[in-house]
Amino acid sequence: MSETLHSAAATVASWRAASERGDVDAAVACLSRDVVLSSPLTEQFRFEGPDQLRSFLNSAFTAVEDIRFHTQTGEGDAYALFYRARVGSQPFEEAQLLRLDDDARIKEITLFGRPMPALTALMISAGSELARGQGRRGVAALMRASATPVHAMVTFGDRRLVPLTRPAARRP
């Protein structure tokens with residue numbers, strides 16, 4: 001096994017372990033200096049560099065609990081990781097696409113999450129926490145106030161309306 005492949009595997013293993021422990025410092029140690037993270041919640045901006053990722057990870061590890069990775073695939077400079085967790089009382093599952101640089105450090109993270117009630121809960125919790133961490137208490141309150149009704153509607157729809165669209169069981 002080449003040194004780079006070994007280093008890539010070690011970086012991915014370190015990232016997984018840090019995420020499961022909620023260890024921001026250990027997670028940031030896996031990142032390149034020019035890392036970029038694409039959020040599953042917005043296309044309005046990306047998190048760039050270890051300092052912005054540190055703030056993001058602080059908020060994410062506060063909001064997302066009991067992270068347990070269950071699947072990993074990839075080789076070379078690209079890996080896909082999948083985990084289950086909770087956001088408040090909502091079950092949550094996330095896929096992470098990691099791209100590594102020539103030094104086997106994570107240079108790009110793209111996140112995909114499900115189900116919708118967990119994403120809206122994440123928007124309330126992590127979005128508010130991120131704004132609060134930037135000293136923007138008013139924005140944090142506005143984020144919480146504007147996302148809470150969306151979360152309520154999505155949760156109601158998921159629990160009460162979506163089951164009504166489930167295909168009927170086949171009858172013999």
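Colleague: Is arginine 132 buried, partly exposed or exposed?

Modeller: Arginine 132 counts as partly exposed, because its relative accessibility is 34%. Keep in mind that this is a predicted model.

Colleague: Which side chain does arginine 132 meet in a salt bridge?

Modeller: That would be glutamate 129, at 3.5 Å from N to O. Both residues sit in helix H4, which covers residues 116-133, and they are 3 residues apart, about one turn of the helix.

Colleague: And glutamate 129, buried or partly exposed?

Modeller: Glutamate 129 is partly exposed, with a relative accessible area of 29%.

Colleague: How many salt bridges does the count come to?

Modeller: The count is 9 salt bridges. One of them joins the side chains of aspartate 25 and arginine 54, with 2.5 Å from N to O. That pair links distant parts of the chain: aspartate 25 belongs to helix H2 (residues 24-28) and arginine 54 to helix H3 (residues 49-63), 29 residues apart.

Colleague: How accessible is aspartate 25, and how accessible is arginine 54?

Modeller: Aspartate 25 has 52% relative accessibility, so it counts as exposed. Arginine 54 has a relative accessible area of 29%, which makes it partly exposed.

Colleague: What about arginine 84, which side chain does it meet?

Modeller: Arginine 84 meets glutamate 93 in a salt bridge, at 4.0 Å from N to O.

Colleague: Which residues are linked in a network of salt bridges?

Modeller: Glu65, Asp66 and Arg86 are linked that way.

Colleague: Where does aspartate 66 lie, and is it buried or partly exposed?

Modeller: Aspartate 66 lies in strand E3. It counts as partly exposed because its relative accessibility is 46%.

Colleague: OK, strands then. How does E3 pair with E4?

Modeller: Strand E3 (residues 64-75) and strand E4 (residues 78-87) pair in the antiparallel sense, over 9 bridges. Threonine 73, for instance, stands opposite alanine 80 in E4.

Colleague: How many residues come between E3 and E4 in the hairpin?

Modeller: There are 2 residues between them, and glycine 76 in the turn has a positive phi of about 65°.

Colleague: Switching to rings. How many aromatic pairs does the count come to?

Modeller: The count is 3 aromatic pairs. One of them is phenylalanine 47 with phenylalanine 56, a tilted pair at 4.8 Å centre to centre with 50° between the planes. Both phenylalanine 47 and phenylalanine 56 are buried.

Colleague: And what kind of pair do phenylalanine 69 and tyrosine 83 make?

Modeller: That pair is edge-to-face, because the planes are at 70°, over the 60 degrees needed for that label. The ring centres are 5.3 Å apart. Phenylalanine 69 is in strand E3 and tyrosine 83 in strand E4, so the pair ties together parts that are 14 residues apart in sequence.

Colleague: Are those two buried or exposed?

Modeller: Phenylalanine 69 is buried, with a relative accessible area of 9%. Tyrosine 83 is buried as well, at 3%.

Colleague: Which residues do ring pairs link into a cluster?

Modeller: Phe69, Tyr83 and Phe92.

Colleague: Back to the backbone. Which residues does a cis peptide bond join?

Modeller: Arginine 114 and proline 115, with omega at about -10°. Proline 115 lies in the loop between strand E6 (106-114) and H4.

Colleague: What is phi at alanine 104, and where does alanine 104 lie?

Modeller: Phi of alanine 104 is near 65°, a positive value in a residue other than glycine. The residue lies in the loop between strand E5 (90-100) and E6.

Colleague: Is alanine 104 buried or exposed?

Modeller: Alanine 104 counts as buried, because its relative accessibility is 2%.

Colleague: Last topic, the surface. Which residues make the nonpolar patch?

Modeller: Phe156, Leu161 and Leu164 make a nonpolar surface patch of about 350 Å². Leucine 161 is found in helix H5, residues 137-161.

Colleague: How accessible is leucine 161?

Modeller: Leucine 161 has 45% relative accessibility, so it counts as partly exposed.

How values were computed. Residues numbered from 1 in each chain as written. Predicted model: local features only at pLDDT ≥ 70, side-chain atom pairs only at ≥ 80, totals over all residues. Heavy atoms only, no water. Pairing = 2+ DSSP bridges. Helix = DSSP H or I, 4+ residues; strand = E, 2+ residues; numbered from the N terminus. Patch = residues over 30% accessible without salt bridge, like charges linked within 9 Å, V, L, I, M, F, W, Y side chains within 5 Å. Areas by Shrake-Rupley, 256 points an atom, 1.4 Å probe, with all protein chains shown as cover. Buried < 20%, exposed > 50% of the residue type's maximum accessible area, 1.4 Å probe, protein only. Phe/Tyr/Trp six-rings, centres within 6.5 Å; stacked < 30°, edge-to-face > 60°.
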